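Please look over the sequence and the model shown here before reading the briefing that follows.

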Amino acid sequence: MENKQLLRAIKMRHSRRSFQDKMIPADMLVRAIDQINETAGLHIQLLLNNPEAFDSLKKSYGMFRGVRHLIALVGSSDDPYLYEKLGYYGEMLVLRATASDLATCWVGGTYSKNDCRCQLLPHEELVAVIAVGYGEETISMKEKVITSVIHRRHKTYAQCTKLEGTPPEWFKYGVEAALLAPSALNAQPVIFTWKASTAYASIPEKRKIEQVDLGIAKYHFELGAGCGEFGWGNHAGFTVNDNV
């Protein structure tokens, strides 16, 4: 899928919590997941018809309705960058799904892990899931309220950057794309620093789940900048392509 499509998906994407009872075209997601797992050494899985993970009102607090299909974000707990990688590649799948007219929602805790029918090999961990499907045609009042609260919390470019000198235009485009990325509790913890002619991405390391946010934001930044990629890890630098 071309970067232009994924950039459009960044602007189109918003979390949905009410889904239609419809099967989804799984081939595209399965191919993308297989490629990611081979490339990144992960064990991400598409779970079709697994509504049990969201049936428990105690777990979901009534925040979701009609969730049937999930992307289970699974990998080896021995991988020091597991959470970040699952954020990065999970968001890649979210944007691919969005570009294919599917609705999605990142879910970190408000679901039942015990009822998630993913396969866990020894030393593997289920970090989070992504609800995926066709969103209800009418956005519910509950969804509107949640979206409104989230938008009021959005940070600005100045709040998410630390600048020593004037960065190039691609840095600005990268940060603007990252500001549209989802994050746990919409905290947007990632800070992008411009120092000594290099861009860096970092989080305060207060909560492990923020490593997922770091991976998501890095992927958005890379799409927006369009000229390179970050290394893995907190405070990792951005390597610009040779042809820039």
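What volume does the second largest pocket have? It has a volume of about 300 Å³, where a pocket is, on a 1 Å grid over the protein atoms alone, an open set of points where a 1.4 Å probe fits, with protein on both sides within 12 Å along at least five of seven lines, and a volume is the space filled by probe spheres set on the points, which are joined across faces, edges and corners. This is a predicted model, in which local features need pLDDT of at least 70 and side-chain atom pairs count only at pLDDT 80 or more, while totals for chains, interfaces and linings use all residues. Residues are numbered from 1 along each chain as its sequence is written, and side-chain values use heavy atoms, with hydrogens and water left out.

**The second largest pocket**
- Its lining is made of 17 residues, a lining residue being one with an atom within 4 Å of a point, and Y88, M92, Y219, E222 and E229 lie nearest the centre.
- At least two lining residues come from each of α1 (3-12), α4 (82-99), α7 (210-225) and β8 (228-230), where helices (H or I, at least four residues) and strands (E, at least two) are DSSP runs numbered from the N terminus.

**Helix α1**
- The buried residues of α1 are L6, A9 and I10, buried meaning under 20% relative accessible area and exposed over 50%, with partly exposed in between (1.4 Å probe, protein chains only).

**Nonpolar cores**
- The largest nonpolar core has 38 residues, and L29, I44 and I71 have the most contacts inside it; such a core is a set of buried Ala, Val, Leu, Ile, Met, Phe, Trp, Tyr and Cys residues joined through side-chain atoms within 4.5 Å.
- With ten residues, α4 gives the most to this core.
- A second, separate core of 19 residues includes V175, W194, A201 and F238.

**Cavities**
- The structure holds two cavities of 30 Å³ or more, a cavity being a set of points where the probe fits but cannot get out.
- About 100 Å³ of space lies in the largest cavity, and α6 and α7 each give two or more residues to its lining.
- The second largest cavity has a volume of about 40 Å³, and β4 (124-133) supplies the largest share of its lining, three residues.
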